[in-house]
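Thanks for coming. I will show one model and then talk through how its parts pack.

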Amino acid sequence: ARFPGAGNTIGTSPAPRSASTSVHPAPPANRHPESSVQIIMNLGVTREVAISTLDAANGNLDVAASLLF
């Protein structure tokens, strides 16, 4: 089967990284109110986890909180 993408054959060296690839990815874009992000962060997670959890919960605070536990 053929799979899309630029994967490597086992045993070959990895493809060189482009200059535009950064070592640290940019933080996720925040499309949620800051108050919602802070509420989730107050549950003990990082900003990145709070935003990604809110994304997974479609912005629903109750659902986002339940996904953490």
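Serine 36 is buried, at a relative accessible area of 9%; buried means under 20% relative accessible area, exposed over 50%, partly exposed in between, with a 1.4 Å probe and protein chains only. This is a predicted model, where local features need pLDDT of at least 70, side-chain atom pairs count only at pLDDT 80 or more, and totals for chains, interfaces and linings use all residues. Residues are numbered from 1 along each chain as its sequence is written, and side-chain values use heavy atoms, with hydrogens and water left out.

Serine 36 sits in helix H1; helices are DSSP runs of H or I, at least four residues, numbered from the N terminus.

Which residues of H1 are buried? They are Ser36, Val37 and Ile40. They lie on the same side of H1, because they cover an arc of only 100° around the axis, taken from the directions from the helix axis to the C-beta atoms. The buried residues of H1 pack against H2 and helix H3 (61-68).

Now the core. The largest nonpolar core has 7 residues: Val37, Ile40, Ala50, Ile51, Leu54, Ala57 and Ala64. Such a core is a set of buried Ala, Val, Leu, Ile, Met, Phe, Trp, Tyr and Cys residues joined through side-chain atoms within 4.5 Å. Helix H1 (34-41) and helix H2 (47-56) each give two or more residues to this core, and H2 gives the most, with 3.

Last, phenylalanine 69, in the segment after H3, is exposed, at 73% relative accessible area.

Terms used: Contact = heavy atoms within 4.5 Å.
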